[in-house]
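Please look over the sequence and the model shown here before reading on.

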Amino acid sequence: MSMVASGGPGLLGRWSTHCALSPAARRELLLRGLAGTATILGVRPRRTEPGHRFWVRVQVEGQPPYETRVRQRVSAADLAAMQPGDVVGCRVDPGDRDRLVLYVPSPEEATRVSISKILADGRRADATVLAATPVAADYSGQDDPVLRLDLELRAWDESRPWRVRVIQPVPLTAIELVDLGRHLEVAFFTIDRGESVAVDWAASQEVQQVREV
């Protein structure tokens, strides 16, 4: 896969912000950078140069998550797996956290299962909306807005509720369901901070329609 990282000063010398790296510098960052994951918040083609501009939320173990933008060229196959809500791998320059390379991990590397797999195979829970914050507001070309949702989950086979944070595209037809206090149908694999949680928008809409009858 082709990868071009954002620039900035760091372990490979000084670069202007979001400058494309040479192949040698890119390989060095992939070898020596800190391993992490990146949730895609937004993506759009670059206007004057090849490649795309990604808005991502980066998580490196032992560090608080943060958001940044990356200019990068990727293959058509990789781009299909790097849409809003997808989680990909990344390597981050320890000297400049805004300088990183994104990549689609192989199946054995993947640290998070896809939303579709969670919905197909996960356990079910009721979620109460505690907060909803747009995270891709400046990507007006996206049909579905991407929201950060703080939820409280309750499952029939768990003794206590727990809180999670997920970042997912919200269908425009379901946007009214993210009001504070509303209930959503979700699927999950295990109790965590949201890594294995996915909102089932279709089921949530069906339940809402039943309640309104």
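Which exposed residues does the face of α1 turned away from its buried side carry? They are Arg27, Leu31 and Arg32. Exposed here means over 50% relative accessible area, buried means under 20%, and partly exposed lies in between, with a 1.4 Å probe and protein chains only. The model is a predicted one, in which local features need pLDDT of at least 70 and side-chain atom pairs count only at pLDDT 80 or more, while totals for chains, interfaces and linings use all residues. Residues are numbered from 1 along each chain as its sequence is written, and side-chain values use heavy atoms, with hydrogens and water left out.

The buried residues of α1 include Ala25, Arg26 and Leu29. Seen down the helix axis, the buried residues of α1 fall within an arc of 100 degrees, so they line one face of the helix. The arc is taken from the directions that lead from the helix axis to the C-beta atoms. An α-helix has 3.6 residues a turn, so residues three or four places apart point the same way. Among the elements that cover the buried residues of α1 are β4 and β5. Names such as these refer to DSSP runs numbered from the N terminus: helices are H or I with at least four residues, and strands are E with at least two.

Next comes the sheet. Five strands form an open sheet in the order β3-β2-β1-β4-β5, with antiparallel pairing. Its edge strands are β3 (66-72) and β5 (96-103), each of which pairs on one side only. Neighbouring strands of this sheet are turned against each other by 45 degrees on average, direction ignored. Helix α1 (residues 23-32) packs on the sheet and touches β1 (34-45), β4 (87-93) and β5; contact means heavy atoms within 4.5 Å. The direction of α1 makes about 95 degrees with that of β5. For such angles, axes are lines fitted to C-alpha atoms, for helices over the stretch in contact, and the angles run from 0 to 180 degrees between N-to-C directions.

Two strands count as paired if DSSP finds at least two bridges between them. Strand β2 (residues 52-60) pairs with β3 in the antiparallel sense over seven bridges, and tryptophan 55 stands opposite arginine 69 in β3.

Strand β6 (residues 123-134) is antiparallel to strand β9 (residues 183-188), over six bridges. In β9, alanine 187 is the bridge partner of arginine 124. Eight bridges join β6 to strand β7 (residues 146-154), again antiparallel. Within β7, aspartate 150 is the bridge partner of alanine 131, and leucine 147 stands opposite proline 134. Strand β7 is also joined to strand β8 (residues 162-169) by eight bridges, in the antiparallel sense, with arginine 148 opposite isoleucine 167 in β8. Eight of the nine residues of β7 are buried.

Finally, the whole chain. Its secondary structure comes to four helices and 10 strands. Of the 213 residues in the protein chain, 42% are buried. Among contacts with a separation of 6 or more, 59% are between residues 24 or more positions apart.
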